[in-house]
Amino acid sequence: MSFDPRTIGKPVYESLQGLRDEQEQNQGDEAKRKERLKEQKNQAVELYTYIATWGLLRLKAEEKAISEDKKGKKQVVQEYFRCLETLVEQSKLSGTDGLNTLVGMDVDDYLGLTGLGLALAQEFSFWASAVYWDIKGGD
């Protein structure tokens with residue numbers, strides 16, 4: 001098996017571009033579309049800091065707590081866990097069982113997953129600038 005340097009970046013780019021394309025095609029209200037894209041960009045940029053400060057377990061719990069009026073933020077967190085699930089070939093990280101999966105992991109597996117999760121979050125931050133290049137401003 002050879003090393004492909006796109007292993008982490010490719011699913012992140014495809015996820016963020018997919019979220020953006022969905023908004024571009026389905027949201028007719030320009031103001032709502034820009035607000036949702038801004039939420040997506042900000043969440044993608046903030047993932048690394050959140051995980052470094054609070055950890056994967058809290059991010060997964062936060063996914064449930066994000067209200068529907070912040071759907072852009074929630075979509076990015078969901079895509080983050082889908083990408084992580086794909087990279088580690090560990091089922092049940094995304095979706096409703098993800099929290100129980102993280103709680104049930106042994107310490108070494110959880111710490112290893114957190115290290116990979118931080119690298120993945122850096123990719124989300126990088127690709128957010130590329131995919132949402134025209135979206136300006138913070139929260």
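**Helix packing and salt bridges in a predicted model**

Lys92 lies in the loop between helix H4 (71-88) and helix H5 (98-104). Helices (H or I, at least four residues) and strands (E, at least two) are DSSP runs, numbered from the N terminus. The phi angle of Lys92 is near 70°, a positive value in a residue other than glycine. Most residues other than glycine have a negative phi.

The model is predicted: local features need pLDDT of at least 70, side-chain atom pairs count only at pLDDT 80 or more, and totals for chains, interfaces and linings use all residues. Residues are numbered from 1 along each chain as its sequence is written, and side-chain values use heavy atoms, with hydrogens and water left out.

Two helix pairs were examined. The axes of helix H2 (residues 30-54) and helix H6 (residues 107-131) come within 8 Å. They cross at roughly 155°. Axes here are lines fitted to C-alpha atoms, for helices over the stretch in contact, and angles run from 0 to 180 degrees between N-to-C directions. H2 and H6 are therefore roughly antiparallel to each other. Angles under 35 degrees count as roughly parallel, over 145 as roughly antiparallel, 65 to 115 as roughly perpendicular and the rest as oblique. The crossing of H2 and H6 is left-handed, meaning that the near helix is turned anticlockwise from the far one by less than a right angle; clockwise would be right-handed. On the H2 side, the contact (heavy atoms within 4.5 Å) is made by Lys41, Ala44, Val45, Leu47, Tyr48, Ile51 and Ala52. H6 contributes Gly117, Leu118, Ala121, Gln122, Phe124, Ser125 and Ala128. By class, the contact of H2 with H6 has 10 nonpolar, 3 polar and 1 charged residues. Ala, Val, Leu, Ile, Met, Phe, Trp, Tyr, Cys and Pro count as nonpolar, Asp, Glu, Lys and Arg as charged, and the others, Gly among them, as polar.

H2 also packs against H1. The axes of H1 and H2 come within 10 Å and cross at roughly 170°. That makes H1 roughly antiparallel to H2. From H1, the contact draws on Leu16, Leu19, Arg20, Gln23 and Glu24. From H2, Arg33, Arg36, Leu37, Gln40 and Ala44 take part. The residues of the contact of H1 with H2 divide into 4 nonpolar, 2 polar and 4 charged.

Lys34 lies in helix H2. Its relative accessibility is 45%, so Lys34 counts as partly exposed. Buried means under 20% relative accessible area, exposed over 50%, and partly exposed in between (1.4 Å probe, protein chains only). Lys34 and Gln23 are 11 residues apart along the chain, and their C-alpha atoms are separated by 8.8 Å.

The structure holds 8 salt bridges. A salt bridge is a side-chain nitrogen of Lys or Arg within 4 Å of a carboxyl oxygen of Asp or Glu. Arg20 takes part in one with Glu24, at 2.9 Å from N to O. Both residues lie in helix H1 (residues 9-26), 4 residues apart, about one turn of the helix. Arg20 is buried, with a relative accessible area of 8%. Glu24 counts as partly exposed, at 34% relative accessibility. Arg20 also forms a salt bridge with Asp134, the closest N and O atoms being 2.8 Å apart. This pair links distant parts of the chain: Arg20 is in helix H1, Asp134 in the segment after H6, and they are 114 residues apart. Asp134 is partly exposed, at 31% relative accessibility. Arg20, Glu24, Glu30, Arg33 and Asp134 are linked in a network of salt bridges.

A further salt bridge joins the side chains of Lys60 and Glu63, at 2.7 Å from N to O. Both partners lie in helix H3 (residues 56-65), 3 residues apart, about one turn of the helix. Lys60 is buried, with a relative accessible area of 4%. Glu63 is buried, with a value of 8%.

Val131 lies in helix H6. Its relative accessibility is 4%, so Val131 counts as buried. Leaving aside its neighbours within four places in sequence, Val131 is in contact with Tyr13, Leu16, Gln17 and Arg20. Val131 and Val77 are 54 residues apart in sequence and 16 Å apart in space, C-alpha to C-alpha.
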